[in-house]
Each structure stands twice: as C-alpha cells, then as structure tokens.
Amino acid sequence: VAERSDLPQGTLDLLILQVVAAGPIHGYAIAQRLQLISRDVVQVAQGSLYPALHRLENRRLLTADWRTSDTGRESKFYRLTASGRRQLKEEAASWLRLTEAISLILKASGGPR
Amino acid sequence: MTWWRRWFCDRALERELDAELRDHVEREVAAGVRAGQSEAELRRQVRLTSGGFDQIKEACRDVRRPRVLADLVTDCRSAGRILMKDRWFAAGAVITLALALGAANITFITEYATRLRDLPFERANRVAIVRTVDGRGREGGVSYPDFEDWRLAARVFDGRAAAFAPGAISLGRDGALPEQFDGLYVSADTFAVLGVKPVLGRDFSAADNLAGAEAVAIIASNIWKTRYGASRDVVGRTVLVNGTTPATIIGVMPDGFRFIDFTDVWLPISQLPASTLQRRDARALLMIARLPDGADLDRVRAELSPVAANLAVTYPETNKDVRPVVSSLEAAYNGGLTDSLPLLTAGLILLIASANLANLLLARGTARSREIAIRAAIGATRWRIVRQLLIESLLLGLVAWLLAVGGSWLTLKASSSQVDTVLPYWRLKMDGRLLAMLAAVALLTTTLFGLAPAFHAARVGTAAGLKDGGRVSSGANTRRWTLALLVGQFALTLALLTGAGLATRTFYRLYAVDLNVRTADAVTTFVRLPSRTYATSGQRVTFHQQLRDRLLASPGITASTVASVPPFTPAGRRQLIAVDGRPVSDPPADVGTVVVDPAYFHTVTRGLVLGQPFSELHGTSGHQAVIVNQRFADLYLGAGSPLGRHLTLRPPNSPSAPPVDATIIGISPDIRQAYEGEAVVPVVYLPFRAEPPAGVTLIVRGSGAAGTTVAAVRNAANAIDPDLALGAVNTLDALRARSRLASIGTVSQYAKLGGLALVLSVVGLYSAMAYAVRRRTQEIAIRTALGAGAAQVRWLFLRTGACVIAGGVATGVPASLALGRMLHASVVHADAWDPATLIAVSAILVGAALAASIVPVDRATRLAPSAALRSE
C-alpha cells in the first residue's frame with residue numbers, strides 16, 4: 001500500500017473540481033477516482049468529501065441532480081457550473097505555478113538532506 | 001442551491017443528505033462484495049472508517065448555514081413555544097410591561113412637547129421677549145410709547161425690536177360670510193425679528209406702520225386655504241376688516257406659522273386705535289428683539305433698566321416702579337404649564353412594572369431550575385442555556401415594547417387633534433431616542449431577571465439542580481429577593497396611590513363644580529360690534545336686544561344670552577374696595593367680573609341659588625345691582641343674608657377711576673371661569689346694560705344640532721347687520737374640555753397614572769405572591785401528610801404576607817406623605833394630606849396581599865397530599 005499523505009489546505013476543492021470536470025459523477029465515484037489516479041495516496045473520507053461537495057455546491061461552483069445510474073441506484077450526480085470551470089482553470093494554473101516554484105527551490109538547494 | 005432553499009427547506013435537504021450518504025455506503029459495500037468480502041464485515045469496516053454518520057451530517061449542516069445562526073433560529077422557535085405554553089405568565093408579563101412603557105412614553109412625549117419643544121422660528125432662544133412688572137408685582141405688557149423709547153435707547157437691539165398686541169379681527173366682503181378671527185397687530189419688524197418671511201406676497205414695511213397708512217393685512221396659511229381656497233391671487237384682494245376698514249391682503253405666511261398663538265390675521269400696529277398707541281399706561285403690547293451674537297439676556301436687562309428708571313422719573317404718573325421683565329421667547333413658550341410630577345410618576349410606574357416583571361421572572365425561574373439542570377445534564381453548554389433564556393427574555397421585552405409603541409401611537413393620534421387647539425406649537429410625536437431608551441429599559445428588565453435561573457443553575461451545579469430544582473421549595477435566596485421586591489413594590493404603590501388619590505379627589509371636586517353648568521346643546525360664539533358703527537352703549541344694547549328677539553323667534557332655539565366671557569374662560573377683574581362700606585383688605589382684593597344679560601343664569605345654569613336675576617331695569621342709572629357667586633359670598637359676606645348688601649368696586653390698574661357702589665340682588669351657583677389658582681374664583685356679575693362691552697360671547701341653546709343653531713345665529717346676526725362677523729363657534733362642552741386639558745391636565749394625568757399603578761400593583765402583588773405559594777404546593781402537601789392542620793399551613797403563608805404588608809406600610813406611609821407634600825407644592829388644587837385616601841389605598845393593597853396569600857394556600861390545603869406531591 002502506498003504511503004498516504006495529508007492534503008494541503010484547500011487542495012481538496014481543487015481536486016474535486018478537476019475530477020468532476022470529466023463529466024457528471026456521484027460522491028462515491030469521486031472518492032474512488034481520486035484514490036485511483038493518485039495511486040492510493042489521496043484517500044478522502046466521507047466526513048471531508050461531502051462537506052466539501054456541499055460547500056462547492058453552495059458557492060455555485062458545482063450543481064447537482066438526482067439520476068438513476070447504470071446499476072439502477074438513485075445517486076446525486078455533480079457537474080461543474082460555468083463559474084466552477086473558471087475557478088478550476090484559475091486554481092489549477094496557480095497551483096501548477098506554485099508547485100513548480102517550490103520544486104525549483106527544493107532542487108536548487110540540493111534537495112532534502 | 002439557492003439561499004432560501006438552504007434556510008427553509010430543512011426537511012427535504014435532510015432527506016437528500018441521508019440518501020446521498022447511504023448511497024455512498026451501499027456502493028462501497030457493493031464494491032467490496034464483488035471483491036469477495038463478507039457484507040457484514042464490510043459494513044462494520046465502513047462504519048469504523050467513516051467516523052459516524054451523524055458527525056458527517058453535522059459537518060454538512062454546518063456548511064449549509066453557520067451554526068450560530070442555525071441555533072439561534074432553533075432557540076427562537078423554542079422560546080416562542082415555551083412562552084406560548086406558559087401563556088398566562090407571558091401575557092401578564094407583557095401586558096404589565098407594555099402598559100408601563102406606554103404610560104411612560106406618553107408622559108415623556110407630553111412633557112417634551114410642553115417643555116422642550118422647538119418653536120418654528122429661527123433660533124427662538126436668541127429672541128428676547130420683554131414684559132413689565134409694576135410696583136405691586138403685577139405682570140403686564142409694554143405700552144407703545146415705552147416700546148419706542150426702549151427700542152431706540154437700548155443699543156443692544158440696534159433699533160431692531162418689534163411689538164405686537166392681540167385682538168379679534170373680522171374679515172368680510174371678500175366673497176365669504178363675514179367671520180371673526182384671532183388677530184395680532186404687529187409692528188413692521190415683527191416677522192423679521194422672528195426670522196420668518198411670507199411665502200406669498202410681501203412682509204409689512206415701515207410705511208405700513210405709519211399712522212394714516214392704507215390698511216394692509218397678512219393672513220395665515222390655514223385661512224388662506226379654508227377661506228380663500230389657497231388661491232394665489234389672494235394677494236392684492238381687498239377685504240373689509242372689523243366691519244369698517246377696507247384693507248388689502250399683501251401676504252400669506254408659511255404653513256404652521258401662527259405667531260403668537262393661534263393667529264389667523266396680522267395687521268400693522270398702526271391699525272390699533274390711536275388712544276391705545278399713545279397712552280403710556282396702556283400696556284397691551286409685548287416686545288420682542290433678536291439678540292445680536294455675543295449678547296445675552298443679562299445685557300438686555302442691564303441696558304433696559306436705566307431707561308426704565310429714566311422713564312419712571314419723567315412719567316411718574318404711569319411709569320413709577322414699572323420694571324422690564326426679560327426672558328427668551330423659547331422660555332416664554334416652554335414650561336410653566338406642567339411640572340415634573342408626571343415624569344416622576346411615570347418613572348415610578350416603570351419601576352413598579354419592572355418589579356412586577358422581576359418577581360414573575362424570578363418565580364418562574366425557580367420553577368424552571370429543574371428544566372435547566374436537565375438541559376445542562378444532556379450537554380447544553382452554559383452559554384447555550386444563557387442564550388436560550390436571553391432569547392426568551394428579549395422576546396418578552398420586544399413584544400411588550402411593540403405593544404407599547406402601537407398603543408401610544410393610537411393614543412397620540414386620538415389626543416393630538418384635541419391638544420392642537422389648546423397650545424400652539426405642540427407637537428405630540430414619537431421620538432426615536434425615547435423609544436430606544438424605553439426599549440433599553442424593557443430589555444434590561446427582562447434580561448436581568450430572566451437570566452436569574454441560569455445564574456442559579458451555575459451556582460448550584462447540575463446534580464443539585466436536578467435533585468432539588470422545582471421540587472420542594474424555592475431557594476432561600478430567591479425568596480429573599482422576591483420578598484424584598486414585594487415590599488418595595490407595596491411601598492412604592494402606596495406612596496404613588498396616595499398621591500394619585502389626592503389628585504383624583506381634587507379632580508372630582510373640581511369636576512363636581514362643572515356640573516353647575518348645563519353644557520349640553522349650548523353653542524357659543526364671539527361677537528364684536530365695531531366701535532365705529534356701534535359707538536354708544538345704547539346702540540350695543542339695542543343690537544343685542546334685536547338679536548335675542550330674532551333668535552328666540554327662530555325654530556329650535558330655546559334660550560339665548562350674552563356674557564363678556566363664557567364659562568371656563570378667565571373672567572375680567574375688579575378690585576373689591578369695600579363691603580357695606582367697610583374696607584375688605586389692603587390692598588383691595590381682586591375679584592372676577594363677568595358682564596351678563598338677564599337671561600344668563602337660566603341659560604347657563606339652572607338659575608340662581610338665592611334672589612332674583614337681573615331685570616331690564618338693572619344697570620340703568622339708579623339701579624346699580626350685582627349678582628355674586630357662592631364662593632364670593634363665602635369669602636366676603638360672612639353670616640347673614642347676602643341679599644341687599646352693598647359692594648364698592650373699582651376697575652383694576654386705574655386708582656384714579658371712581659369706585660362704583662352696587663347692591664347684591666342674587667347669589668349664583670359657582671360657575672368656573674378658569675382652572676387657575678383657586679378652584680373657583682369669587683365672581684361678581686354685572687348687568688349688561690350698565691356697561692355693554694363691544695365684544696361679547698353669545699351663548700345659545702337649541703334643540704337641534706349645533707350646526708343648525710349656528711346657522712340660526714348667523715342668519716339672525718346678518719339680518720340685522722350684514723357686515724357683522726361671528727367669531728369661532730364652540731360648544732360649552734368643548735370650552736370645558738379645553739380648559740380642563742390646559743390647566744388640570746397635570747392632575748388628571750396624574751390620576752390616570754395612579755389608577756394604572758394601582759391595577760399594575762394589585763395584579764403584580766397578587767400574581768407574585770400566588771405564584772410563590774403555588775411553587776410550594778408540594779411542601780404544603782408534605783406538611784399536610786405529616787399531620788399539619790390547614791390552619792397551621794395557612795398561618796405559615798400568612799406570615800409571609802404579613803411581612804410584606806408590615807414592611808410595605810412602614811416604608812410606604814412616610815414616602816406617601818413626602819409625595820403628598822410635593823404634590824401640594826406643585827399642583828395648587830391638591831390637598832397635602834388626606835387620611836381617607838391613605839387608608840383606602842392601604843386597605844386595597846393589604847386586601848390584595850392577603851387574598852394572594854390566602855386563596856392559593858386554601859386551594860393547596862384542600863388538595864389531597866398524594867395528588868399535590870405528584871404535581872409538577
């Protein structure tokens with residue numbers, strides 16, 4: 001099992017937005033997708049996932065409706081709104097800039113000793 | 001998700017949340033089962049890792065809306081529910097507080113309006129008003145020659161001073177029926193000194209003020225609207241003034257400007273008779289001047305005094321010892337009519353209501369200590385409990401405040417039209433600062449005492465609260481508080497009610513006198529016969545005889561009379577020099593005089609007490625007769641028949657005028673002329689024929705509506721003289737109401753406040769004591785179960801009642817004596833000390849206290865102990 005790592009403050013929202021950007025998706029699938037893509041590094045508990053989803057919904061970055069999925073279950077599917085898409089773009093760009101900068105600094109000073 | 005859905009669709013959102021979380025778990029389990037794990041084990045795992053469903057839900061709810069607000073909504077709901085459940089308590093508390101707040105509000109507003117109102121003049125506190133006082137301390141106005149001398153000599157005025165004199169002014173021949181108005185004769189600078197300009201046309205000029213100038217007039221906005229239909233071309237129109245002088249209207253004053261009191265028409269002072277303007281002893285004018293920056297009233301006094309002293313030397317006949325009296329215009333309008341007593345009373349009532357409320361809340365708090373202990377035990381934080389109680393208290397206070405505001409708004413609406421006619425520039429209106437202050441009082445009282453149970457719970461601790469709370473008896477501490485509050489309330493009420501009782505008794509004594517006047521169906525109007533067309537007494541007498549004959553011939557008119565002044569208005573003055581040749585006092589006493597015609601007494605009252613009314617002969621030479629009222633007879637005639645006694649009278653302020661002897665031919669019942677000074681002034685009635693005044697009040701009694709009677713009077717008067725104007729029409733009822741409002745407003749207000757205090761205290765005393773007893777129902781049951789007799793139990797509680805009564809009487813009686821002295825000092829009609837009132841009020845309060853300790857105890861002792869023990 002890969003080592004789990006705590007998400008920096010505020011990044012969960014960005015990750016959720018990124019996953020939802022692929023198309024309508026329900027909460028369980030979001031958690032699965034995050035875990036899968038991150039190779040088990042990112043594991044989001046229900047207690048963090050759902051408040052985050054609802055927060056994004058309140059901020060109108062996400063919108064949701066109830067649909068019957070392929071397995072026949074009634075699930076709440078989340079989609080990006082227009083402003084959610086904008087937000088994702090901005091935050092992703094700034095995050096990439098930041099991580100690039102951080103790794104530059106870390107490499108320049110010779111990496112962790 | 002829209003915000004309103006977030007706030008108001010709680011149930012749907014909860015369902016969705018539950019479904020969503022459940023869906024997640026089901027999917028996780030389904031995935032695990034597909035991978036070959038056991039379902040039961042999976043569910044256990046999921047529950048372990050997810051950290052509990054309810055916590056997740058809470059976290060999601062916090063996202064939905066801030067927790068503080070969510071709790072607030074819940075607390076408000078539960079506060080509403082708790083108050084509704086205890087609705088007798090809530091109603092009692094709210095009504096008590098609302099009544100007291102409303103009374104305080106109205107009282108403060110009235111006081112504010114009469115004492116502190118803003119005048120609609122530019123910086124009214126910078127306008128000085130000058131009057132005079134003579135060597136005998138009598139106040140008077142300023143004569144025109146004195147005014148001119150002062151104006152020119154006092155450098156502080158810079159020549160800019162004005163003088164004016166009131167007088168009835170009639171308008172006619174302007175397309176409407178001739179009508180009499182309140183007028184003011186003003187010097188040219190009057191409006192300039194006040195800083196007010198006409199909204200239409202022009203101000204008076206110096207030329208208008210010269211003797212012999214063409215007559216001009218400025219009218220008030222109110223008659224511009226009613227009489228001239230607010231037509232703009234009223235400026236330049238000619239009207240017949242006082243039935244004799246054509247005058248041109250040159251201006252209209254702004255809305256609400258009625259200087260000096262209720263003036264409708266202003267004329268230049270040059271229109272006053274030359275004799276008035278030339279005589280130094282005709283002090284009919286008032287003088288005003290605007291103070292320049294940096295000057296104060298003292299400087300005006302300092303500059304006027306030497307001028308007055310010079311005048312006294314130059315004109316000793318008229319000006320000896322006459323000194324100027326200087327005050328600000330604002331001070332002249334404000335104050336004087338009222339005193340601080342109603343304020344004090346309103347404050348005390350607020351105090352009583354607060355004590356009532358405190359008692360109710362404390363008693364209820366004791367009853368709730370168990371509930372609060374339970375709340376604390378199942379996890380409510382102290383802040384949460386305090387907040388719950390706080391919200392309940394605030395809700396109580398808020399509802400009471402809203403009721404008070406609504407109630408006083410209605411009261412003000414009802415009374416302001418009446419008040420408008422009595423005092424100028426009264427504005428009874430709500431004041432935001434006052435309302436805020438009352439809200440603060442309401443909320444402070446309710447929260448301060450409403451939080452008591454929370455403090456109690458904090459002190460006692462949860463376990464003790466659960467064990468003891470609401471069970472056997474209220475805590476000793478609360479009981480001490482309750483007792484102290486009850487005693488304080490008893491004493492306050494006793495003092496207040498004794499005062500109110502005094503005021504009420506005085507009020508009704510005055511009121512009883514008014515029953516002498518038959519006010520129903522009587523219409524009054526002022527008639528002034530112009531001196532140019534009715535120069536002689538004979539002409540005036542003839543006119544009134546004709547008018548009377550015509551009126552009595554009109555259908556529906558049953559009686560008609562004239563008097564120099566109607567009842568309920570101040571009488572004229574004479575000096576009573578001697579009775580039967582013996583001087584009465586030195587200096588001679590002032591008595592009231594009213595000139596009346598023979599029909600007066602059977603029209604206005606039910607005839608004379610003794611003797612004969614005037615005949616048509618009385619007042620002609622050789623038949624000098626007077627009628628006096630009972631008050632006069634009591635004061636000056638002593639024992640023996642008053643009829644046939646001789647009086648020697650002289651007009652006031654004219655020591656040189658020859659005294660007049662007259663014989664008393666009748667005694668009239670007391671008819672109030674004004675509510676000033678003594679309850680009823682001694683009055684001498686003089687026959688109309690002896691000295692018919694130019695202006696008289698016509699009092700007509702008719703069987704029809706007031707309007708019909710007025711129309712009949714108008715027709716009859718104009719049939720004799722088409723240019724004759726009638727003054728403002730009133731009913732005797734209205735005159736009485738108005739004079740009462742102006743002068744004994746304080747007393748009646750005080751009586752009302754006292755009545756309110758009585759109701760509040762009796763209710764408060766009863767409910768607080770009864771509540772205290774009810775709280776001890778279980779204790780009573782235990783005592784009864786252990787063998788205590790009903791009498792013993794009753795005595796136990798009577799002891800508390802006795803404590804309250806003893807303490808209350810011991811502190812209340814001295815307080816009420818002090819208040820009585822204050823009342824006597826500030827309200828002239830009131831007695832200082834009235835044992836009957838004190839005893840009656842004490843009896844009512846003692847009765848209430850006793851009833852409150854006996855009735856509930858009686859009920860409790862009759863209950864079977866087993867039932868009482870079970871009761872919560």
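Is Trp95(A) buried, partly exposed or exposed? Keep in mind that this is a predicted model, then select the residue: Trp95(A) counts as partly exposed, because its relative accessibility is 32%. You'll find Trp95(A) in helix H4 of chain A, residues 82-108.

**Next stop: helix H2 of chain A**

Select residues 27-37 of chain A, which are helix H2. The buried residues here are Gly27(A), Tyr28(A), Ala29(A), Ile30(A), Ala31(A) and Leu34(A). And what covers them? The cover includes helix H1 (11-20), strand S1 (25-26), helix H3 (46-58) and strand S3 (74-80) of chain A, along with helix H2 (10-34) of chain B.

Step just past H2(A) and click on Arg39(A). This residue sits in the loop between H2 and H3 of chain A, and it has a positive phi of about 50 degrees although it is not a glycine. For background, most residues other than glycine have a negative phi. Arg39(A) counts as exposed because its relative accessibility is 69%.

**Across to the interface**

Show both chains and pick out the contact: 22 residues come from chain A and 23 residues from chain B. Between them the two chains bury about 2,000 Å², with 56% of that on carbon and sulfur atoms. Highlight Tyr28(A), Gln46(A) and Asn58(A), which supply 35% of the area chain A buries against chain B, more than any other three residues.

For the polar side of things, there are eight residue pairs in polar contact across the interface and two salt bridges between the chains. One to zoom in on joins Glu20(B) and Lys76(A), whose closest N and O atoms are 3.9 Å apart. On the chain A side, H2, H3 and S3 each supply at least two residues that touch chain B, and H3(A) gives the most, with nine residues.

**Last stop: two loops in chain B**

Jump to Ala230(B), in the loop between helix H9 (221-226) and strand S7 (238-241) of chain B. Here's another non-glycine residue with a positive phi, near 55 degrees. Ala230(B) counts as partly exposed because its relative accessibility is 34%.

Finish at Phe259(B) and Ile260(B), which are joined by a cis peptide bond with omega about 15 degrees. Ile260(B) is in the loop between strand S8 (245-252) and strand S9 (265-268) of chain B.

Definitions and conventions
Residues numbered from 1 in each chain as written. Chains lettered and ligands numbered in written order. Predicted model: local features only at pLDDT ≥ 70, side-chain atom pairs only at ≥ 80, totals over all residues. Heavy atoms only, no water. Helix = DSSP H or I, 4+ residues; strand = E, 2+ residues; numbered from the N terminus. Buried < 20%, exposed > 50% of the residue type's maximum accessible area, 1.4 Å probe, protein only. Contact = heavy atoms within 4.5 Å. Buried area = accessible area lost by both parts, 1.4 Å probe. Salt bridge = Lys/Arg side-chain N within 4 Å of Asp/Glu carboxyl O. Polar contact = N/O pair within 3.5 Å; in protein donor to acceptor, adjacent residues only side chain to side chain.
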